[in-house]
Amino acid sequence: MALSRNTSKIVSPAIRVTVIMIITTGVVYPLLVTAIGQTALPYQSNGSQVMLDGKVVGSKLIAQEFDSPKFFHSRPSSDSASGVDPDITVEEANSQILSISDATGIPVNTLKTLVELDMERNRNANAIVFAPDYVNVLELSVELVKNYPQAYQQEINGEK
Amino acid sequence: MDIIQLALVIIVTLGFALLFGKYLARMIVYEVRPLEKTLGRVENGFYKIIGIDKYEQMTWKQYLYALLLTNGIAAGFVFAVFMLQNYMPLNPMPAFSGDLAFMQAASFVTNTDLQHYAGDQQLSLLSQMVSLIFVMFVAPASGIAAAFAFIRGFIRKNFGLGNFYVDFTRIIITLLLPVAFFSAILLIAMGSPQTMEPSITTGTIEGKSQTMVTGPVASLESIKQLGSNGGGYYGANSAHPFENPTGVSNIFETFLMLVIPFSFPIAYAHLLGKGRGVSILAAMVIGFGVMLILGLFHESGPSGVETRFGSFGTVLFNVASIATNTGALNSSLLGMNHDAIISLFVGMFVQAIPGADGTGMMTMIVYIILTLFIVGLMVGKTPEFMSMKINPKDIKLAVLVFLAHPALILIPTVVAYTTGSAESLFDKSTPLSFTQILYEFTSAAANNGSDYLGTAANTPFWNWSTGLVMLIGRYLPIGLMLAIAGSFTMKDRKEIVEPIKTQGPVFVGILVVVTFILTALTFFPVLAMGPFSI
Amino acid sequence: MTTKNSVSIINGKMLADSVTKLNPTYLAKKNPVMFTVEMGFFIVFAIALIPSTNSEFVNESRIFYLESSIILIVTVWFATFSESLSEAQAKAKVDSLKNLEKEVMARKLISGYDLIKKDQELVSINDIPTEKMVTSSSLKMGDKVLVRAGEIIPRDGIITAGKAFIDESMMTGESNPVFKEKDDPVLGGTKVTNDRLEIEITAEAGKSFLDEMVGLIESATRPKTQNEIALTLLLAGLSLIFVIVIGTMLFLGYFLGYRMDISVLIALLVALMPTTIGGLLPAIGVSGINRLARDNIVVKSGKGIEAAGDCDVLILDKTGTITEGTRRAIEFVPMTNFTEEEVGQVAFAASFNDSTHEGKSIIELAEQKSFDPQFMEEILASRPIEFSSETRFSGIEFVAKKKMNITRTSDDKISKRLSDLEVSNQQIRILKGSVDSMLKIVTSVNEAELRWKSQEISKHGGTPLVVAINDEAIGLVSLKDNLKENICEKLEEVKVSGINTIMITGDNYLTAQVIAKEANVDQIMAEAKPTDKLNRVIEEQNKGHIVGMIGDGTNDAPALAKADVGLAMNRGTAAAREAANMVDLDSDPSKILKVVKLGKQLLMTRGAITTFSIANDIAKYFAILPAMFMRENPKMGLLNIMQLHNPETAVLSTLIFNALVIPLLIPISLKGVKYKPEAPQKTFLKNMLIYGFGGIVFPFAGIKVIDIILSLVMK
């Protein structure tokens with residue numbers, strides 16, 4: 001009997017420290033971060049959702065598939081590490097410009113400028129040095145739709 | 001650009017390591033920290049709940065026992081959650097199989113975080129939050145506590161090594177938790193989600209529907225990196241844009257991985273001599289530099305590499321992640337050049353450039369003891385470390401630490417082949433498939449956690465074998481190293497200087513060369529058969 | 001000289017011993033590294049013998065297996081050979097030491113005699129011979145011996161008759177002879193300076209420590225030192241790692257589609273294992289004992305030698321270690337009214353009949369300075385006043401003749417003084433003695449001046465003697481103990497190696513300080529009693545130092561036992577020899593410095609060969625790995641930087657190189673690596689360059705050369 005009391009004396013702090021840490025680090029900590037995140041940074045906390053005409057059209061950070069040849073296309077998911085790489089290189093974007101111009105009638109130079117603008121925005125977001133130049137496909141697509149609503153009428157209304 | 005990025009990482013890491021190092025030193029010897037009164041009051045509350053006397057000192061055996069016991073209970077909790085998550089609230093998912101639950105519990109509690117599942121598809125939000133985030137504090141806190149006790153062994157004489165529960169509590173409450181908290185907020189600002197919604201479903205531009213898994217990602221991400229854990233919220237780990245949204249977050253997370261391991265030599269410098277600590281730091285930086293140069297020798301990608309990181313950001317992150325035994329990767333290993341893969345292997349073989357939180361420092365000191373003994377006799381004196389003689393017992397323990405690593409990598413690799421478990425994953429034995437299998441056990445033995453096999457390895461053989469390798473690879477060296485510390489507390493320290501000073505450029509050079517040669521001699525054949533031949 | 005010795009030592013017995021040592025059970029116990037190599041030999045040899053072995057892992061020709069197995073067993077034999085060689089050398093040395101062990105001849109008194117005192121002489125009542133010359137070792141407890149002036153007391157005992165001054169300087173460091181009489185204990189090895197004594201022996205002859213040394217040399221009984229144990233553990237650990245690496249390679253290579261051959265893997269394993277240091281380790285240990293024996297130092301425990309390398313504090317007796325132990329006159333110091341020459345003349349006269357070193361040195365100094373007295377006839381006719389225990393002075397005595405044959409010169413004050421005395425027809429006594437004893441008889445002196453001048457002499461490390469004519473002090477003679485030859489340089493070497501020296505002496509602080517400064521000693525312990533040594537040893541050890549000391553008296557025994565390195569003088573007492581871990585048969589205290597140097601060399605040799613052994617492995621990988629894999633994997637060709645002839649010669653030349661390194665390094669193991677006293681960091685760098693960097697480069701060249709030779713032979 002003395003043995004079991006002794007054992008419980010040794011085991012007790014280990015159990016207690018585990019329980020208190022589960023509460024502190026497993027419950028209180030993530031809930032507190034969530035509360036602050038939801039209050040102060042709701043956009044990022046909820047997945048950086050992109051709006052178009054008052055509707056959520058996806059997350060800036062997650063690639064989405066485009067069927068229409070009028071949009072820039074993300075990398076095939078097998079080619080990226082995450083499978084949802086939302087970005088493409090500037091070269092990749094430029095190589096798609098011609099066919100998009102053909103499909104939409106938007107002048108090549110305008111498309112080039114839009115690509116450049118998006119690249120600049122990303123550059124600034126990464127303080128220039130922290131990332132290579134890249135283009136966010138969803139942001140670029142939203143820009144296209146905003147600037148040329150007529151060209152994309154079919155796509156955004158879901159009519160094929 | 002890349003150079004500026006690298007310089008920034010180095011400057012910021014070392015700058016913060018100076019601060020953190022001083023803080024760690026104060027924690028180790030119970031000196032006054034900033035906000036000591038408040039912190040002390042909070043800690044005392046915890047001690048009361050835990051039911052311990054904070055002044056009670058432990059021998060190395062008691063310390064190890066308390067560490068094992070606490071880790072065992074924590075692992076048991078994680079195991080139970082994984083087995084029962086289908087009965088629990090918050091987006092219940094099917095329960096894990098017994099072997100997978102065992103493997104994952106072992107993996108997280110040993111600070112390995114090797115994952116044979118995809119978090120975004122197989123874990124409930126509750127599992128991610130209550131079990132994963134919790135155990136991601138337990139694992140590094142245990143490693144750091146062991147290192148605290150270890151370092152005390154060289155400072156004190158005929159005294160205990162501290163109290164595990166006190167160290168464990170202080171490390172979580174006054175080091176990991178506050179830093180993880182602020183880092184989580186920063187990560188949210190950079191784009192990591194933090195919500196109690198398990199997923200978000202939205203429409204797409206083309207009017208289709210898209211479902212994204214979300215949750216308390218940022219709060220997991222920060223401790224995942226800070227605590228050299230490396231287990232991803234998502235299967236894609238740090239390549240996933242929610243875990244690592246931008247180039248800035250990529251560098252910030254790199255910093256988080258490096259900062260505590262590089263703080264230890266600074267703490268050492270404060271406690272046991274400036275020159276000695278700085279020399280250890282130099283050796284770690286050189287080793288890290290070698291890895292980085294090897295990794296950058298050829299360009300990696302673009303296949304398997306995320307666009308926003310590019311080749312440089314990918315290699316920098318991955319090298320830092322492997323060097324610190326965090327193991328979170330921001331790319332697919334298949335996308336990396338084979339020289340870069342060799343560099344990752346080197347980091348996992350050495351485990352101390354700078355290694356994981358706490359254990360990296362301990363391992364480095366074992367290398368110093370071995371180096372001192374091998375070459376130190378050449379001055380004509382029994383080698384000494386910290387002015388204390390190195391005796392046969394210390395050598396036995398140090399050699400065992402060094403021996404355990406190749407044994408835990410090579411023997412299971414052979415077992416995987418002889419049992420046919422290796423071939424079951426691949427059609428043919430090629431240098432690449434061999435590299436992947438070797439990598440799996442190396443990652444497990446080093447408690448690294450980066451993986452080359454992924455969810456394909458979720459079979460009973462791989463779960464049981466890697467689970468065992470991780471447990472032995474974690475607790476055997478910690479036990480042996482604490483025993484070394486215990487042995488040193490019994491020793492007389494001389495007043496006079498050691499025959500070979502463990503500082504200065506010459507010593508750093510010899511330490512690096514001897515460590516490199518010992519590692520190379522042990523792993524040269526498998527590196528030649530594996531990544532070298534890809 | 002050494003080579004000659006070793007050649008003569010290689011004989012049938014030694015070779016047979018080296019073959020006996022190949023016994024696997026012996027190797028398994030004593031040398032795990034070599035045991036593994038031998039197991040490798042058995043496997044490869046079996047493959048060579050068993051006909052038509054058809055296995056996945058046996059692919060090479062039978063000749064290749066035979067060749068490899070022969071090289072393997074020769075590798076093991078080289079190791080046992082080196083061990084046997086050093087053992088044989090050491091044993092030969094023990095035999096010669098047994099002859100050399102210095103014995104003192106003693107006059108043993110035969111029972112049934114009686115001695116009476118007649119005219120202050122001890123003589124036998126009956127005229128039969130009462131004494132018999134025997135060797136000191138044959139004396140038993142209770143035996144009585146007679147010791148005359150100038151003879152050495154053969155062993156510890158108690159005076160049963162007579163009284164005398166005994167010179168105990170070699171024991172206690174006290175340079176002044178000690179007066180002893182009946183019932184006083186005396187120490188073996190001390191010298192009777194006057195008179196004669198009858199002594200009863202009270203101590204047993206020391207246990208033969210040479211037997212203890214034989215135990216250290218013979219492999220069966222040789223205990224390993226801490227350092228050897230640690231090194232063996234490290235080597236065993238490294239070997240085990242290589243066993244795992246090579247063992248797993250067999251399977252991994254097979255599964256990856258390589259043609260794996262067991263013998264090639266065993267070759268790689270043997271090449272990688274630290275066979276060089278593993279093979280030579282026992283020989284190095286014995287060589288340390290052997291090399292000390294060459295200097296006539298008998299080692300009783302290996303611990304002592306090992307500690308010698310770590311020694312960082314040396315406690316040295318002044319007399320005998322730092323100084324010769326004999327004092328010489330170096331200066332004449334006149335009192336006011338006298339000149340230096342006059343003091344010299346008087347000192348000459350006072351020492352005329354003194355046959356001690358000190359007396360002779362005074363005459364020499366006077367002659368050297370041409371201070372010969374001008375009254376030689378009187379001196380020649382004088383009667384000697386012997387030094388006695390009561391008076392504590394000596395000199396001459398004469399009655400001046402009326403007509404002194406002195407060429408009188410007006411300024412020769414001494415002659416004038418003598419002739420003045422002659423007028424009064426007084427007896428003239430010219431005396432010398434210590435300051436205190438002389439002050440009792442001289443009355444015509446300014447005591448303050450005398451004391452001040454004697455203090456000045458002390459300050460310069462000398463011992464003052466006063467010379468006087470009758471009751472008038474003329475001046476002082478400064479006697480000084482000479483430093484031993486080269487002691488300054490020797491102590492400088494010791495200092496550079498980071499060792500602190502402490503000089504212990506019975507002299508006063510002033511004298512001790514001067515000598516310490518001249519001899520380059522770091523610290524002094526002046527006016528020390530023999531018991532102070534033990535306290536100092538303990539004090540230094542408590543600070544964590546490793547202490548070395550020498551001693552020979554019974555008083556020293558506790559300190560010798562406590563010290564980490566205790567070197568006893570053979571002429572010392574049995575108790576001291578028991579307590580120490582080494583005994584110097586030549587009784588030369590300065591040999592402690594040699595012991596320390598050798599201890600360091602021993603550790604350096606182990607470290608150097610270990611480093612060399614491990615550094616060698618890099619080249620061996622580059623030789624064997626391409627040979628193993630290049631056939632199936634052309635990419636491995638990148639590793640083939642040595643461009644060896646073919647896989648077969650690559651493996652054989654690596655194995656041959658590995659084996660040959662052992663005999664090549666036997667001379668270094670037996671002689672020790674070169675030791676130069678310098679800062680440890682410098683030694684470290686130098687050895688690192690030679691054995692570390694050299695160890696990496698050398699095998700590339702060595703293996704390539706052997707490969708070229710093999711390719712020519714095999715054509």
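**Exercise 1. Polar pairing between chains C and B**

Task: In this predicted model, determine how many residue pairs are in polar contact between chain C and chain B.

Solution. Step 1: Counting pairs in which both residues have pLDDT 80 or more gives nine residue pairs in polar contact between chain C and chain B.

Step 1: Next, the contributing elements are identified. Two or more residues of the side of chain C that touches chain B come from each of α8 (226-255), α11 (302-310), α23 (592-629) and α25 (680-713) of chain C. Of these, α8(C) supplies the largest share, 20 residues.

**Exercise 2. Salt bridges and interface size**

Task: State how many salt bridges the count between chain C and chain B gives, and which residues are involved.

Solution. Step 1: The count is one salt bridge.

Step 1: The partners are D310(C) and K389(B), whose closest N and O atoms lie 3.7 Å apart.

Step 2: For the extent of the interface, 58 residues of chain C contact 54 residues of chain B. The two chains bury about 5,000 Å² between them, and carbon and sulfur atoms account for 78% of that area.

**Exercise 3. The nonpolar cores**

Task: Identify the residues with the most contacts inside the largest nonpolar core.

Solution. Step 1: The largest nonpolar core comprises 347 residues, and those with the most contacts inside it are L175(B), L176(B), F385(B), M529(B) and M628(C). Helix α6 of chain B, residues 125-155, gives the most to this core, namely 21 residues.

Step 1: Setting aside residues up to four places away in sequence, L176(B) touches F137(B), P140(B), A141(B), I144(B), I171(B), I223(B), L226(B) and I260(B).

Step 2: A second, separate core has 44 residues, among them V346(C), I363(C), F371(C) and V477(C).

**Exercise 4. The setting of I396(C)**

Task: Decide whether I396(C) is buried or exposed.

Solution. Step 1: I396(C) is located in strand β16 of chain C, which covers residues 393-399.

Step 1: The relative accessible area of I396(C) is 0%, so this residue is buried; the cut-off for that class is under 20%.

Step 2: Apart from neighbours within four places in sequence, the contacts of I396(C) include A349(C), F352(C), I379(C), I385(C), I428(C) and I430(C), as well as R383(C) and R429(C).

Notes
Residues numbered from 1 in each chain as written. Chains lettered and ligands numbered in written order. Predicted model: local features only at pLDDT ≥ 70, side-chain atom pairs only at ≥ 80, totals over all residues. Heavy atoms only, no water. Contact = heavy atoms within 4.5 Å. Buried area = accessible area lost by both parts, 1.4 Å probe. Salt bridge = Lys/Arg side-chain N within 4 Å of Asp/Glu carboxyl O. Polar contact = N/O pair within 3.5 Å; in protein donor to acceptor, adjacent residues only side chain to side chain. Helix = DSSP H or I, 4+ residues; strand = E, 2+ residues; numbered from the N terminus. Core = buried A, V, L, I, M, F, W, Y, C linked by side-chain atoms within 4.5 Å. Buried < 20%, exposed > 50% of the residue type's maximum accessible area, 1.4 Å probe, protein only.
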